[in-house]
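Trainee: Before we use this model for anything, could we go through its architecture together, step by step?

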Amino acid sequence: MATRALDTDATASPRPRGLWARLFAYAPVAIVFFVSAIELALADRKYGLFTGGFGMSRAIESFGQRAEFLLAYGLAQAVVGLAGWLLALRLTRKRPAWAPTLLFAMINGLGFCMVLAAQYQLHSYFSDAISFALIRQLGGGSLYDAFLFGLSEIALAAACLLGVIVACWIAWRIALRVLPPGMERPSPPRTAVLVAVGVAFVTVAWFVGRSGDNAAYGLERTIAWSALDGALDYATDFDRDGYGMFGIQHDAAPFDPARHPLALDIPGNGIDEDGYGGDLHLVPVGMPLGPQVFTRKRPNVVVVVFESTRGDVIGKRVNGKLVAPNLDALARNGSMVYPSYSHVAFTTESLKSIFSGALVPHVGDPSMFRDFKASGYRIGVFSGQAEDFGDISKTVGMKANADVFFDAEKLKNQRAFDFAAKGSLLVDESHLLKAFDDTFGKEDWKKTPHFAYFNFQSAHFPYDHPGVARRIDPHPLPRDEIDEANAKQVRETYWNAVANSDYWLGQLIARLKAKGVWDNTILVVSGDHGEDLFEDGFLGHGHVLNTHQFATVFVGNRPGMMPKGPIALDDYRGIITAAIRGETPPVEKVAPFMHIGPIDTPTTIGLAGKGMELTTLRLDTGEACLVEQHHCGPIGTFSGKNKQRIDAVIARWGSERWRERQRLGTAPKLSS
């Protein structure tokens, strides 16, 4: 009791109160240093920020760049720290003297760490390239479906947030009991200090954005810097074209809305509107087939799409077992082409390109479904996913032209998971084959030509679900153990899923042979895109333009029906059309073009060359890569043939955009 009286009596010796006051005065600085150390340690571990490694071609290794990084990072943390301290002081004006420090610890300590944890949890499943546009793409263009797609992670984050709120409330109640009420109240920072830090940050941000060096890219991976620099960029977007005067991708013409990064480059006007490759000179682009009608002898056609199946599936062995013996036999006895590139490496747009033969398909475009309906075919759809997801069915006329239609929405009672989002619906192949046996498989394929589309979903993340047999991996990983530390097991789990799809491919082939229609059936099999399995430090597809994520394989059961590679998904319709007519496969006149994000505003563009040659350019950072050479660098550092490769990517992108704008009727008129 005597000790308690000493602590609480305002007339007692001030020494305890002074000690507590000093501890609480320096605590905010210690908190900022602590969370900064955590962030930098995580950034180096995940991205190789200072040491290099997976996914980090711009390690900050030189003394000068490290000094630049630490100065800029320190100023950003100081701005956020001062803002948090002022907020804490304002919100606790009528509270005990220790209240500002405790609130600061909650906001700038626990709050910052929660944001950091959420960011790295998300990146552990996907990559540091995750973005708002990517999250929306995961939902097939629907933000609502994207929300439902990630519902389990969102629920976990909400539970953590609730736990932090409860912990903060408990800490507040304990502080009321333990801490002395007579402490000296801390004073707010001097105005001169606030102005000096603010001016210093703005000045450094200006020069960092124009340096374009490794330090600038490294800073974009940190929370405070990217948020503050983004705010400055938005505030200086005077012409409201979406780009300001700060950041790496800044506006070189801040008062001209027609000139900015990703602006439409008008060909032949002598102006480089987008800042890439000079004035646009148009190059050839692919021209999709018009409507097709098949007459004379009309073979049956079966198209099978393996979800997320990489091109290196052919000949792949795991634990001594061949992953896809049926697909291998099909390629050996028929024909195949590898690599075959998805244009965007997302299911929705990939399927639209496969069936329409267009790089950027639109609702009502010619498609295989419309071709086969006009040619008198019976049409059946048996899909393990929801084909309305991302407007796939509407765009290519799938449901409107199908005589028999089963997808994951219709077979919802057989779905593998409880998730209700269209992007998360998944039905095992066994249910698809049963639906086929009960309907389409009973029909007379010799009397009337048939077209069947199957979509096998086993290899969809998280690669294991009820119904996937243990074919090459007896112990697949559960979803909560999928991370880079378990990369080897993740790969074995994935390949086991692909093996499951291959098994059901074999069952489908057996059914076609049993019906006596195999010799009069064209069967083609392809993935919709590839899948990165931490080989490059990433998991998934569609967020980094490389061979693992964008390349798949195209296999046909007839010899000679495939052209030489590389090809792209929009070439499939022309190849199948030629095979139906008994013609030689068409010679591809343009190289496969790829992009991340919408064609008009992508973050990355790429172009495939002979063999495995792949050239990419990140438009948001100006970094170009010769992927097969494992060589990346700023766009201005390339010369000779390497520069020509990069210029070809830019010209192709500009030409594809220009044709798309012309198609939509939004291209400016060219002056004569």
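Trainee: How many helices and strands does the secondary structure of the protein chain come to, and what share of its residues is buried?

Mentor: Bear in mind that we are reading a predicted model. The secondary structure comes to 20 helices and 17 strands. Of the 672 residues in the protein chain, the share that is buried is 53%.

Trainee: Are helix α8 and helix α10 roughly parallel or roughly perpendicular to each other?

Mentor: Helix α8 (residues 191–211) and helix α10 (residues 223–235) have axes 11 Å apart and pack at an angle of about 85°. Since angles of 65 to 115 degrees count as roughly perpendicular, α8 and α10 are therefore roughly perpendicular to each other.

Trainee: Which residues make that contact, and how do they divide by class?

Mentor: From α8 come Phe201, Val202, Val204, Ala205 and Val208, while α10 supplies Trp225, Leu228, Asp229 and Leu232. By class, the residues of the contact of α8 with α10 are eight nonpolar, no polar and one charged.

Trainee: What is the relation of α11 to α17, given that their axes cross at roughly 55°?

Mentor: The axes of helix α11 (residues 325–333) and helix α17 (residues 487–514) come within 7 Å and cross at roughly 55°. An angle of that value makes α11 oblique to α17.

Trainee: Which residues of α11 and α17 meet, and what are their classes?

Mentor: Pro325, Asn326, Leu327 and Leu330 in α11 meet Asp502, Tyr503, Leu505, Gly506 and Ile509 in α17. By class, the contact of α11 with α17 has six nonpolar, two polar and one charged residues.

Trainee: Why are the buried residues of α11 placed on the same side of the helix, and which residues are exposed on the other side?

Mentor: In α11, the buried residues are Leu327, Asp328, Leu330 and Ala331. They cover an arc of only 160° around the axis, so they lie on the same side of α11. These buried residues pack against β3 (321–322), β4 (335–341), α17, β8 (521–527) and β11 (551–556). Exposed on the other side of α11 are Arg332 and Asn333.

Trainee: Around the axis of α16, what arc do the buried residues cover, and which elements do they pack against?

Mentor: Glu429, Leu432, Leu433, Ala435 and Phe436 are buried in helix α16 (residues 429–438). Their arc around the axis is only 155°, which puts them on the same side of α16. The elements against which the buried residues of α16 pack are β5 (378–383), β6 (404–406), β7 and α17.

Trainee: Is arginine 645 buried or exposed, and which side chain does a polar contact of 2.8 Å join to its own?

Mentor: Arginine 645 lies in helix α20 (residues 640–664). Because its relative accessibility is 13%, arginine 645 counts as buried. Not counting residues up to four places away in sequence, arginine 645 touches Glu613, Leu614, Thr615, Leu626, Glu628 and Gln629. The side chain joined to that of arginine 645 by the polar contact of 2.8 Å belongs to glutamate 628.

Trainee: What distance separates the C-alpha atoms of proline 474 and asparagine 496?

Mentor: Proline 474 sits in the loop between β7 (450–456) and α17, and proline 474 is exposed, with a relative accessible area of 54%. Although proline 474 and asparagine 496 are 22 residues apart along the chain, their C-alpha atoms are separated by 8.8 Å.

Notes. Residues are numbered from 1 along each chain as its sequence is written. This is a predicted model: local features need pLDDT of at least 70, side-chain atom pairs count only at pLDDT 80 or more; totals for chains, interfaces and linings use all residues. Side-chain values use heavy atoms; hydrogens and water are left out. Helices (H or I, at least four residues) and strands (E, at least two) are DSSP runs, numbered from the N terminus. Buried means under 20% relative accessible area, exposed over 50%, partly exposed in between (1.4 Å probe, protein chains only). A polar contact is a pair of N or O atoms within 3.5 Å; within protein, one must be able to donate a hydrogen and the other to accept it, and residues adjacent in sequence count only if both atoms are side-chain atoms. Contact means heavy atoms within 4.5 Å. Axes are lines fitted to C-alpha atoms, for helices over the stretch in contact, and angles run from 0 to 180 degrees between N-to-C directions. Angles under 35 degrees count as roughly parallel, over 145 as roughly antiparallel, 65 to 115 as roughly perpendicular and the rest as oblique. Ala, Val, Leu, Ile, Met, Phe, Trp, Tyr, Cys and Pro count as nonpolar, Asp, Glu, Lys and Arg as charged, and the others, Gly among them, as polar. The arc is that of the directions from the helix axis to the C-beta atoms.
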